[in-house]
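Work through the exercises below with the coordinates open, and try each task before reading its solution.

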Amino acid sequence: MLRYHIPEIYDTFEYFLITPDLYATPWIITLFAIKSNLNVIYYLWDKIILFDDVLFPHFFITAYLIINKDKFLNVDSSLILTALCKFQIEAIEEVNKIINLAMEIRDKTPNSFYLLANKLDIFNY
């Protein structure tokens, strides 16, 4: 998804060998609860549940990376991963901004992405 929507970030991550499991795993496992205010997290969780789309967290991550790319692309290359791991959503307004962009990204994502995810059967527990 990063390669399709944000090739600049994708290329940077590839160059510095920063794989999604290094930064996104804690975000996905905790559903973005790391280091964020509980009221903000509850609001975000409500929104994610309402979308009823197992891929929505991935769109959310992509949107988050786009919105905050200056925070980790403008640091020393040795600090990119550290900057990514400081993921924090501070306000409900920020959640709404990220969600709005995530919905735009979802709408622009080819259906083949969903087909591939279903084919890989990564979301059936």
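**Exercise 1: the pocket**

The largest pocket has a volume of about 510 Å³. This is a predicted model, in which local features need pLDDT of at least 70 and side-chain atom pairs count only at pLDDT 80 or more, while totals for chains, interfaces and linings use all residues. Residues are numbered from 1 along each chain as its sequence is written, and side-chain values use heavy atoms, with hydrogens and water left out.

Task: state which residues lie nearest the centre of the largest pocket and which helices supply its lining.

Solution. Begin with the lining, which comprises 22 residues, of which Met1, Leu2, Pro20, His58 and Phe113 lie nearest the centre. Next, assign the lining to helices: H1 (2-5), H2 (7-15), H3, H5 and H9 (111-120) each supply at least two residues. Finally, sort the lining by class, which gives 17 nonpolar, three polar and two charged residues.

**Exercise 2: H3 against H5**

Task: describe how H3 and H5 are oriented and which residues join them.

Solution. Helix H3 (residues 20-29) and helix H5 (residues 56-67) pack at an angle of about 125°, and their axes are 11 Å apart. H3 and H5 are therefore oblique to each other, and H3 passes H5 in a right-handed crossing. On the H3 side the contact (heavy atoms within 4.5 Å) is made by Tyr23, Ala24, Trp27 and Ile28, and on the H5 side by Pro57, His58, Ile61, Tyr64 and Leu65. Sorted by class, this contact has eight nonpolar, one polar and no charged residues.

**Exercise 3: H4 against H8**

Task: classify the orientation of H4 and H8 from the angle between them.

Solution. Helix H4 (residues 38-51) packs on helix H8 (residues 92-108) at about 25°, with the axes 9 Å apart. H4 and H8 are therefore roughly parallel (an angle under 35 degrees). The crossing of H4 past H8 is right-handed. Val40, Tyr43, Leu44, Lys47 and Phe51 in H4 meet Ile92, Val95, Asn96, Ile99, Met103 and Arg106 in H8, and these residues divide into eight nonpolar, one polar and two charged.

**Exercise 4: H5 against H8**

Task: find the angle at which H5 and H8 cross, and name the resulting orientation.

Solution. The axes of H5 and H8 come within 8 Å and cross at roughly 115°, and the two helices are therefore roughly perpendicular (65 to 115 degrees). Their crossing is right-handed. Among the contact residues are Phe56, Phe59 and Phe60 of H5, together with Val95, Ile98 and Ile99 of H8. By class, the contact of H5 with H8 has 14 nonpolar, one polar and three charged residues.

Key. Axes fitted to C-alpha atoms, helices over the stretch in contact; angles between N-to-C directions. Helix = DSSP H or I, 4+ residues; strand = E, 2+ residues; numbered from the N terminus. Parallel < 35°, antiparallel > 145°, perpendicular 65-115°, else oblique. Left-handed = near helix turned anticlockwise from the far one by under 90°. Nonpolar A, V, L, I, M, F, W, Y, C, P; charged D, E, K, R; others polar. 1 Å grid on protein atoms, 1.4 Å probe; cavity = no way out; pocket = protein on both sides within 12 Å on 5 of 7 lines; lining within 4 Å. Points joined across faces, edges and corners; volume = space filled by probe spheres on them.
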